[in-house]
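Notebook open, model loaded. I want to look at the metal site, then the sheet, then the surface.

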Amino acid sequence: MSFLSTTTTHNSIISKVLFLYKCYAKTMMILGIETSCDETAAAVVEDGKRLLSNVVASSMDLHAKYGGVIPEIAARSHIESIIPVIEQALYVAKCDWDDIDGIAVTYGAGLGGSLLVGVMTARSLAITKNKPLYAINHVEGHLYANFITETTLSGYSLPQRQPQFPFLGLIVSGGHSQLVLFRDHFDYTLLGQTQDDAIGEAFDKVAKLLGLPYPGGPSVSKLAAKGDPFKYDLPKAKLADKYNFSFSGPKTAVLRLAQAECGKGHDFPSNQLSALLHEAQKADIAASFQRVAIETVVDKTILAYEEFQPKSVIIGGGVASSPELRQQLSARLPLPVEYTDPKLCTDNGAMIAALGCIKAQFDQPTADPYLLEISPSLSM
Ligand code: KG4
Ligand code: ZN
């Protein structure tokens, strides 16, 4: 055996012993990497609950003029930002590679080119820094943002305590709308999901129709505050499976309503409607759509709460930052609901690191850094 390979084996034994010690001691510092869409994000989380850094570089500005994410542009931006973002996350967390016990990375669901950048970076780092690698499902990650209850950073409003099992999780983002019952970590049942558009996607499309800037959710939310949510009676989809959602009906109903309000027929182009609608009409449409879209997910959550009587209800994903969703849920659920900071609702590395920590603490299988592949259409 050469000197080099003896040293490598020795180092690897030391790092395994250190890793096992940390597992035993139940403290764990994990670097999370997230690149599933247009945010290049990295964060360090300790013990599955303490946020030490959370760095997000978004290419949103580059997509805004197209009204949606352009996958090629997103992938190229990730390549430019990923290393500086990771370095910044370590710097803010005041730690170096010796302090990091493992790397967690989103391997799906998401845009193929975007996921590749994060996964290949994480694989390379896991090999060169000799760290265990945890493959994280982005959608599960959104819920684990709610396990972060402490931080050394300023400007975060966090839940007082971690969710209790069994909990009901509602994931509402630009790509996902799912209702899940978690009996324990890694033991859950998908109760229902959208059959067509995700709720955030519907918000984005309604925003485009109203001539509002991308991303549409926050724009619709802002305009809705000036409108009458009961002005228009938009339909809610009725599906055979009681926990599934559909948002294409309300979205098309908004198009038909806008055409009718402008005195135009069904063949009138949607991209010309915003110029014909008055500000007050736009605000009423935004408010009515928001009420119905949010009621749709809240109705199902209440139904599931009544059937399964969970100890906690948590929400995750970009739409989880919606004040309307928070207000409707709190008003209708009989238990107090704690919401995480909006910065941890949209895509971030902290949620990935939090779930990575919990995987490490519960001795979940690690991913092979030489083999981990992306899974763009990964489901729960
Ligand atoms: O979780 P996220 O950052 O990305 C995905 O995984 O999709 O969610 C982004 C989505 C976008 O569709 C955005 O319009 C929506 O979250 N969103 C909102 C609000 N803030 C963000 N939707 C409604 N109301 C909001 N306040
Ligand atoms: Zn997301």
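I started with the spacing of the metal donors: for the zinc ion (ligand 2) they follow H-x3-H-x204-D along the chain. This is a predicted model, so I keep that in mind for everything below.

That spacing made me check where the ends sit. His138 is in helix H5 (residues 138–144), while Asp347 is in the loop between helix H10 (323–332) and helix H11 (350–361). The two are 209 residues apart, so I noted the pair as a link between distant parts of the chain. I looked up burial too: both His138 and Asp347 are buried.

Next, the contacts themselves. The zinc ion (ligand 2) is coordinated by NE2 of His138, NE2 of His142 and OD of Asp347, at 2.0 to 2.1 Å.

What is the geometry of the site? I get irregular, with angles of 95 to 137° among the 4 donor atoms.

I find an open one of 6 strands, with mixed pairing and the order E5-E4-E1-E2-E3-E6. Strand E5 (133–137) and strand E6 (150–151) are at the edges; each has a single partner strand, so one side of each lacks a neighbour in the sheet. For E5, I checked the pairing with strand E4 (residues 102–108): parallel, over 5 bridges. Thr106 has Ile136 in E5 as its bridge partner.

Last, the surface. Ile127, Tyr370 and Leu371 make a nonpolar patch of about 330 Å². Ile127 belongs to helix H4 (residues 112–128) and is partly exposed, at 32% relative accessible area.

Methods
Residues are numbered from 1 along each chain as its sequence is written. Chains are lettered from A and ligands numbered from 1 in the order in which they are written. This is a predicted model: local features need pLDDT of at least 70, side-chain atom pairs count only at pLDDT 80 or more; totals for chains, interfaces and linings use all residues. Side-chain values use heavy atoms; hydrogens and water are left out. Donors are N, O and S atoms within 2.8 Å of the metal (3.2 Å for Na, K and Ca); water is not among the atoms, so sites may look incomplete. Four donors count as tetrahedral if all angles lie between 85 and 135 degrees; four count as square planar and six as octahedral if opposite donors are over 155 degrees apart and all others between 65 and 115; anything else is irregular. Helices (H or I, at least four residues) and strands (E, at least two) are DSSP runs, numbered from the N terminus. Buried means under 20% relative accessible area, exposed over 50%, partly exposed in between (1.4 Å probe, protein chains only). Patches are made of residues with over 30% relative accessible area and no salt bridge: like charges are joined within 9 Å, nonpolar side chains (Val, Leu, Ile, Met, Phe, Trp, Tyr) within 5 Å. Accessible areas come from the Shrake-Rupley method with a 1.4 Å probe; for residues, only the protein chains shown count as cover. A salt bridge is a side-chain nitrogen of Lys or Arg within 4 Å of a carboxyl oxygen of Asp or Glu. Two strands pair if DSSP finds at least two bridges between them.
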